[in-house]
Amino acid sequence: MGKSVSRRELLRTGGIVLAASGLSVKGEAMSEPTKIRGSALLHRGEPEWYSGDELKYIGLPIGGLFAGTVYLGGDGQLWNWDIFNQERLGCVERPATMYMGDTLNAMGGANYVDPVKQQSPFFQRFELTHNDRVIRFGDVQFRGEYPVGRVEYKQADVDVEMSLVAFSPFCPLDAGGSSYPATTMTFTVRNVGKETLTLRMQHRCDNPVLAHSRKNRSDFELKATKSPTNGVIFSAGEVALPSARSEVLFEDWSSGTYGKWAATGTAFGDKPQRVDQLPSYMGPIHAGTTYVVNSHQTRNGEDVVKADTHRGRLRSPEFKIDRKFINLRVGGGNHKDGTCVNLIVDGKVVRSVTGRNSNAMAWEAFSVAEFEGKSAYLEVVDEVTGGWGQISLGEVIFADAPRSQAPLAETQDSGTFCVEIVGKASPAEVNQGTSARVSREFTLAPGASETITFVVAWHFPNCAKNLPGKKHWYAKRWADASAVAADVIKNWPKLRDTTLAWNKTWYDSTLPYWFLDRTFVNTSILATTTCYRLDEGRYYFWEGVGCCAGTCTHVWGYAQAIGRVFPEVERYLRKEIDYGIAYRADTGAIDYRAEFHQVVAIDGQTSCILRTYREHLMSKEDSFLKSIWPKVKGSMEYVIRMDPNGDGILDGAQYNTLDTAWFGQIAWISSLYVAALRASEAMATEMGDAAFAAKCKDLAEKGSKRLVADLFDGEYFINKVDKDHPEANNTNVGCHIDQIYGQSWAHQVGLPRVAAEPQTKKALASLFKYSFYEDVWEYRRKNKAIPGGRWYATPKEAGLIMCSFPKGGAAESIGKSGDAWAVGYFNECMSGFEYQVANHMIAEGMLTEGLTIVRAIHERYHASKRNPYNEIECSDHYGRAMASYGAFVAITGFQCHGPKQTMTFAPKVGGKNFKCAFIDARGWGTFSTEGGKETVTYRHKA
């Protein structure tokens, strides 16, 4: 399909499942999550530990912020290892699968309905040995408290027990100090027997450098070097290649026919396509030839969607492999086994390449030296009928060098990898350059214990090809992985103590453990490949892993965690991105994907204004706001011009997070308008712009009245449709999840009311009544008017539906344009939206309803079902889920104003005995009301 950002994609990628651990886990039947409702939602409870089969899906992000994705598995092994810059869509690569009649990829929720288990692109594991034999544990339990993971090991076949505490250094208000490309693994081994034991704690590892690209190049040698402290440093060096034989052109389609190639199915037609006759929406093809193979089938007048529904295969004549590489120019969809070019030898697929979800073709190479002299053939495959269900193939050239090969230093997975032990270590053992062991041998008397801390660091500077020419910020701070590890070890006592102090502070609370787990865990999205910090200092965020470019304003406008935990990051995004490269000074417009899509999303624009106010509140002084205030004012004036009659309600086209432009009077978007007016009023007052403050106040007051008078139907807020735009999607009289979103934002930052309290509470109660289901299937199976929708809540799971239609109107919500596909969103449950409503309910005092929604999400992400630490919406580790922190803000009633040096709390629970963590502009610590006496204790000053 020809669009650069496609949410219609429904095919997922795949991978290989590897054995998880030398530390065995006894097989237990998985338990169902405990369903908690009513008053029990507020019980403190106990920390939640997972065990048995519940461990198999666990993947807690355990690396530093903006440094890739490394998971801590339920058994204490590290996995995933998305640190090699491989342009992934979703957290892992995997094949397509079906669910409820849909074919799913990462954008369609593949890892929700069919969660992945441990896998790694290279071998590595931690082991405890006795007499050179790996000790097996019968009882392994896991506890995730992001940023800390804990594992307990018992019932061993030797008289020992062991515990693990794992984390990457983490300190709220210090993004730089929390951004090590490293993790630490601290094992404590206890002798619980009656005899002295000699044991070894070890990490065995293959060289991971060039883990992905080595199969297609031969100009390197792997290296493993012992460090002076008995650690190991993995790297790779260049080697000279022998002189190459001349290239052989196998195919370039210059005849305009398939010649001896054989096509089956309908995807490829009866001949190649002329490049100059491909649809213009496909953009530059970079074919290099007049004709190409392309399965985006528009020959019979198919539109952009139907063109990708064709399936078929194209097989080459057989040939003898007589060069070291097969070079191919490839484009199209990135679906492993679904849209690909395969090399078949002896009846088996021995090499395969997909497109990159791009119509621009690029050189790829198969390394085939091992097959030289054998007969083979190529097969072009398109078995995908959803988004990016196409593959293209240009020239095929046999050669002794790959056309696609960049210099070694510029390769995405070129870099260094280091493993060290803090303190004493046994001599490292290196097997040439391919593998190594780092360990400590020790003797334990009965009752004694030993603690060993491993530091695992990585340094792969070159970002993925979807960020061309960019390098990671960490590459400017540290020269290589060895320097990273040395920095961690040098500062280990401080880094360890600060991280664990924050962990203790967060959980030293009267709030329920489950609530504290769920509301903070999505901060871990910063420690995945959803979020990058580039070498020039720029923070750059996808919506989810590999999905949807440009730090999208409307998605990230829901996120509350970053602005509260690492406000310096959000200040940068406001100043340098939203009011920097994305800002159009002539109009005040903010392009919602910055340079990647120069269109205004009105909900994103208003959220930029609201977030600017939040960032001001989380600043020590007012220099941040002063530096961008003229632009913030300009962006508010842009929105005001969309209210030409000055009644406080927006008119005209209103493009938004549901991926289409809506028209008419839309309560949820106009509520954001009113909230942004209130934020602008507050900021203008502080900046001494009384006239603009008065203007914003007047419009906000009008908007608040009209929201109730015109858009509240007695039960909830609605969308009055513009009949002049029948092509547009809408919710008309439906009960929409975001219907009063602006009021939710107002509570987060302490603004005046957006809509009157009685109507707001009635609307929230109606939303819970009509849209919350203990079994979402009860809604979806009965709602036939709206087709489709992805599965982020499956049968027997609870959730808040995006839009229910208790008064009819479902069929009328479907616009008559080609964007009707987007109404499928109305059937879905997406946690980021759900948190927004839950936060609002809690702030209004509707604790049972709000906590029920948060708990439903927590139960959906129980380890018995899927990874508890990966909330999914249009790809993995989705940014909108960071709205979860807003529930913590709401329940504590936290407000602060950094420049005025004020901080207040209005807890919704606990009465005279309440305790919670806080983060303000100056530091973090604990707030309590023990015995009715309020106490604020700073544990760390920024």
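Visitor: At what angle do helix α8 and helix α9 pack?

Guide: Helix α8 covers residues 567-581 and helix α9 residues 602-617, with their axes 10 Å apart. Helices (H or I, at least four residues) and strands (E, at least two) are DSSP runs, numbered from the N terminus. Axes are fitted to C-alpha atoms over the stretch in contact, and angles run from 0 to 180 degrees between N-to-C directions. The angle here is about 140°.

Visitor: What kind of model is this?

Guide: Residues are numbered from 1 along each chain as its sequence is written, and side-chain values use heavy atoms, without hydrogens or water. Local features need pLDDT of at least 70, side-chain atom pairs count only at pLDDT 80 or more, and totals for chains, interfaces and linings use all residues, since this is a predicted model.

Visitor: How are α8 and α9 set to each other?

Guide: Under 35 degrees is roughly parallel, over 145 roughly antiparallel, 65 to 115 roughly perpendicular, and the rest oblique. The angle is about 140°. The two helices are therefore oblique.

Visitor: Is the crossing of α8 and α9 left-handed or right-handed?

Guide: Left-handed means that the near helix is turned anticlockwise from the far one by less than a right angle; right-handed means clockwise. The crossing of α8 and α9 is left-handed.

Visitor: How many charged residues are in the contact of α8 with α9?

Guide: P567, E570, R571, R574, D578 and Y579 of α8 meet C608, I609, R611, T612, R614 and E615 of α9 (heavy atoms within 4.5 Å). Asp, Glu, Lys and Arg count as charged; Ala, Val, Leu, Ile, Met, Phe, Trp, Tyr, Cys and Pro as nonpolar; the others, Gly among them, as polar. The contact has 4 nonpolar and 1 polar residues, and the number charged is 7.

Visitor: Which residue does a cis peptide bond join to Y146?

Guide: Omega of this bond is about 15°. The partner is P147.

Visitor: What is the phi of D346?

Guide: D346 lies in the loop between β23 (339-345) and β24 (348-354). D346 is not a glycine, yet its phi is positive. The value is about 55°.

Visitor: Which element gives the largest share of the lining of the largest cavity?

Guide: A cavity is a set of points on a 1 Å grid where a 1.4 Å probe fits but cannot get out; lining residues have an atom within 4 Å of a point. Of the 14 lining residues, G144, D517, V521, H858 and Y869 are closest to the centre. β9 (137-145) and α5 (513-521) each give two or more residues. The largest share, 4 residues, comes from α5.

Notes:
On a 1 Å grid over the protein atoms alone, a cavity is a set of points where a 1.4 Å probe fits but cannot get out, and a pocket is an open set with protein on both sides within 12 Å along at least five of seven lines; lining residues have an atom within 4 Å of a point.
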